[in-house]
Amino acid sequence: MKLLKQSIACFVAFFIISGAALADTVTFTGTGYMTMNMEISTMSDGRNLQKYTNTGVWVQEGLPEGFPSNVVGDCQGAAVTTPEWASLGDTFICIATDIDGDGFINAGGSTKPDYSDCHAETVAAWGKYADVTQSVKCRFAGRVTPNAIILTWTGEFTTP
């Protein structure tokens with residue numbers, strides 16, 4: 001009986017340890033090719049309030065096996081700028097969905113005029129992403145047309 005109890009304890013411990021060993025963090029990169037719509041209002045003090053939405057394809061590299069490299073991203077956000085268009089703060093939320101209908105919601109923002117502190121992290125997810133955590137540093141990479149932009153990011157993607 002003692003041997004049976006020890007065997008069961010070892011078996012349970014093995015699964016607990018192997019489950020912890022399966023958790024993995026990888027560094028990944030992404031590029032978002034986004035079409036943007038923006039509404040700009042000038043406030044009484046001359047600052048600008050920008051409300052925006054953008055949608056497009058995100059191409060991500062370096063993700064673990066089983067996670068598609070392409071997702072569709074839909075974002076909305078708001079930013080305040082000086083009368084000269086220097087950023088005073090930006091906040092956004094993005095919903096990303098893969099081909100299987102699984103996805104996640106990232107929230108982020110920036111407070112520096114040059115957006116050098118742009119960041120986002122996963123705040124909710126479903127499907128294969130349900131227990132995944134992500135955090136990224138993002139940046140504006142260029143404008144293709146007045147309404148088409150490119151965003152890039154580097155981050156950590158942790159699976160359970």
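In which strand is the place of Gln50? Gln50 is placed in strand E2, where strands (E, at least two residues) and helices (H or I, at least four) are DSSP runs numbered from the N terminus. The model described here is predicted, so that local features need pLDDT of at least 70 and side-chain atom pairs count only at pLDDT 80 or more, whereas totals for chains, interfaces and linings use all residues. Residues are numbered from 1 along each chain as its sequence is written, and side-chain values use heavy atoms, with hydrogens and water left out.

The protein contains one helix and eight strands, and its elements, read from the N terminus, follow the order α-β-β-β-β-β-β-β-β. Of its 160 residues, 34% count as buried, a term that stands for under 20% relative accessible area, with exposed meaning over 50% and partly exposed the range in between (1.4 Å probe, protein chains only). Where contact means heavy atoms within 4.5 Å, 48% of the contacts between residues at least 6 apart in sequence join residues at least 24 apart.

Aromatic side chains were examined next. A pair of aromatic rings is described by the distance of the centres and the angle of the planes. Rings of Phe, Tyr and Trp (for Trp, the six-membered ring) were paired if their centres lie within 6.5 Å, and planes under 30 degrees apart were counted as stacked, over 60 as edge-to-face and the rest as tilted. By this rule the count comes to six aromatic pairs. One of them joins Phe28 and Phe157 in an edge-to-face arrangement, with 5.8 Å from centre to centre and 80 degrees between the planes. Because Phe28 lies in strand E1 and Phe157 in strand E8 (residues 148–159), this pair ties together parts that are 129 residues apart in sequence. Phe28 is buried, with a relative accessible area of 1%, and Phe157 is likewise buried at 1%. Trp58 and Phe104 form a tilted pair, with 6.3 Å from centre to centre and 45 degrees between the planes. Since Trp58 lies in strand E2 and Phe104 in strand E5 (residues 103–110), the pair ties together parts that are 46 residues apart in sequence. Both Trp58 and Phe104 are buried. Ring pairs link Phe28, Trp58, Phe67, Phe104, Tyr129, Trp153 and Phe157 into a cluster.

Gln60, in strand E2 (residues 48–61), is buried with a relative accessible area of 5%, and its side chain makes a polar contact with the side chain of Trp153 at 3.3 Å. A polar contact is a pair of N or O atoms within 3.5 Å; within protein, one must be able to donate a hydrogen and the other to accept it, and residues adjacent in sequence count only if both atoms are side-chain atoms. With neighbours within four places in sequence left aside, the contacts of Gln60 are Phe28, Thr29, Gly30, Ser69, Val71 and Trp153. Leu63 lies in the loop between E2 and strand E3 (70–81) and counts as buried at 16% relative accessibility. Under the same exclusion of neighbours within four places, Leu63 is in contact with Phe28, Pro68 and Phe157. The C-alpha atoms of Leu63 and Thr29, which are 34 residues apart along the chain, are separated by 8.6 Å.

On the surface, Met38, Ile40 and Trp85 form a nonpolar patch with about 300 Å² of accessible area together. Patches are made of residues with over 30% relative accessible area and no salt bridge, like charges being joined within 9 Å and nonpolar side chains (Val, Leu, Ile, Met, Phe, Trp, Tyr) within 5 Å; a salt bridge is a side-chain nitrogen of Lys or Arg within 4 Å of a carboxyl oxygen of Asp or Glu. Met38 is found in strand E1 (residues 24–42) and is partly exposed, with a relative accessible area of 37%. Trp85, in the loop between E3 and strand E4 (87–97), is partly exposed at 45%. Gln50 counts as buried at 10% relative accessibility, and, not counting residues up to four places away in sequence, Gln50 touches residues including Met38, Ile40 and Trp85.

Most residues other than glycine have a negative phi. Trp85, although not a glycine, has a positive phi of about 80 degrees.

Terms used:
Accessible areas come from the Shrake-Rupley method with a 1.4 Å probe; for residues, only the protein chains shown count as cover.
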